[in-house]
Amino acid sequence: MIKFLDLHNINEKYRAEIEIALKEVLDSGIYLLGKQNEVFCKNFAEFCGAKYAVGAANGLDAIKLIIKAFGFSAGDEIITPANTFIASMLAISENGAVPVLVEPSLDTYNIDPNAIEQKITSKTKAILVVHLYGQTADMDKILEIAKKYNLVVIEDCAQAHGAKYKGKPAGSLGDAAAFSFYPAKNLGALSDGGAIVTNNEKLLEKISCLANYGAIKKYEYIYKGVNSRLSEMSAAILNVKLKYLSLDNARRKQIADFYLQNIKNPLVVLPKISCPESEHAWYTFVLRVSNRQKFQDYLNQKGVETLIYYPIPPHKQEAYREWNNLSFPITEKIHREIISLPCNPCLTDGQIEQIVDIVNSYRG
Ligand SMILES: *Cc1c(COP(=O)(O)O)cnc(C)c1O
């Protein structure tokens, strides 16, 4: 069986360096907000082409903290794609603000900029863009709309570490960006983890306070904050893995290019590159197939594990009962038809050739 993602295998490459880094943390006696966070945040901000980064406990918290720092709350509306991972919406809801869902483009799966303006009201405060599957959203158009209506632009980069939009890294494209270091992401820790990246110094200071109980210094609180920090152990591991992220992403791209060039099956819709000057991070390689269950069973029986990101759209989830009657036909079609092939740096050339042959042999 070719596994969809073998996390043990992914991390095995870094074992020796991770062991050294963890010993350093253990020996230091500092397990939170220490040198590892300092070094990682500096390096990660630089990787993202931004000035500042601060750790958070996970990606959901990173988005929540940005929204909280901007002060968006009850009654404020935040525009976000209808086909994102539910965390993007939960981050808005938890702050009391209202997620306003916008259909994606069927070609890129990212928010359709032409569908945004009709959803803007006097209450709209921000656009939370999601660079879904590792491909950056159509930022020129989105930033133009944001400027016209004076909206904040927040990037959900949980699937886009190392992606670029016309040469500029994800994380440097809006007012602030949230990253996740969940183990399966392109840059994954060995536990939950997250970060906020921004060029805005004041915003960064506020988020740093908010994430640490609202403390401006020890035992002095200027905000009603939360506890959301990246552990020193995670920061140490991420410091090791960040050095190899560009190489790992280059291997993902090689695999994706191989699939794009060699999968030739009229029953399968391949992913489209939205902009040739941009760089896809290939968090996941998504196909569309009309009889998905049959396709998944076929691949499974031939020894290829696949995954569906995600089977049920957020507006059809029980958690968002109030949206269950809304209709987002493109989002629903996408959720019905998408399926991801394995696409990670540990796959061998032999495995990806095998996957292509199996996909091409599918007859429906
Ligand atoms: C993974 C993910 C998140 C949440 O990150 P966690 O670290 O799991 O909380 C948010 N948004 C998107 C698009 C994601 O893929």
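The points below begin with the basis of the values and then go through the helices and the loop.

1. The model is predicted, so that local features need pLDDT of at least 70 and side-chain atom pairs count only at pLDDT 80 or more, while totals for chains, interfaces and linings use all residues. Residues are numbered from 1 along each chain as its sequence is written, and side-chain values use heavy atoms, with hydrogens and water left out.

2. From its first C-alpha to its last, α4, with 12 residues, reaches 17 Å, close to the 16 Å expected at 1.5 Å a residue, the expected span being 1.5 Å times one less than the number of residues.

3. Nine of the 12 residues of α4 are buried, so this helix is largely enclosed by the rest of the structure; buried means under 20% relative accessible area, exposed over 50%, and partly exposed in between, with a 1.4 Å probe and protein chains only. Among the buried residues of α4 are Asp 61 and Lys 64, as well as Ile 63, Leu 65, Ile 66 and Ile 67.

4. Helix α4 packs against helix α5 (residues 86-94) at an angle of about 40 degrees, with the axes 9 Å apart; axes are lines fitted to C-alpha atoms over the stretch in contact, and angles run from 0 to 180 degrees between N-to-C directions. The two helices are therefore oblique to each other, a class left for angles that are not under 35 degrees (roughly parallel), over 145 (roughly antiparallel) or 65 to 115 (roughly perpendicular).

5. In this packing, Leu 60, Ile 63, Lys 64 and Ile 67 of α4 meet Ala 87, Ser 88, Leu 90, Ala 91, Ile 92 and Glu 94 of α5, where contact means heavy atoms within 4.5 Å. By class, seven residues of the contact between α4 and α5 are nonpolar, one is polar and two are charged.

6. The axes of α2 and helix α8 (residues 232-242) cross at roughly 145 degrees and come within 9 Å. Here Glu 17, Ile 18, Ala 21, Leu 22 and Val 25 of α2 meet Glu 232, Met 233, Ala 236, Ile 237 and Val 240 of α8, and the contact of α2 with α8 divides into eight nonpolar, no polar and two charged residues.

7. Ile 30 lies in the loop between α2 (15-28) and α3 (35-47) and, at 43% relative accessibility, counts as partly exposed. Leaving aside residues up to four places away in sequence, Ile 30 touches Val 25 and Glu 232.

Definitions and conventions: Helices (H or I, at least four residues) and strands (E, at least two) are DSSP runs, numbered from the N terminus. Ala, Val, Leu, Ile, Met, Phe, Trp, Tyr, Cys and Pro count as nonpolar, Asp, Glu, Lys and Arg as charged, and the others, Gly among them, as polar.
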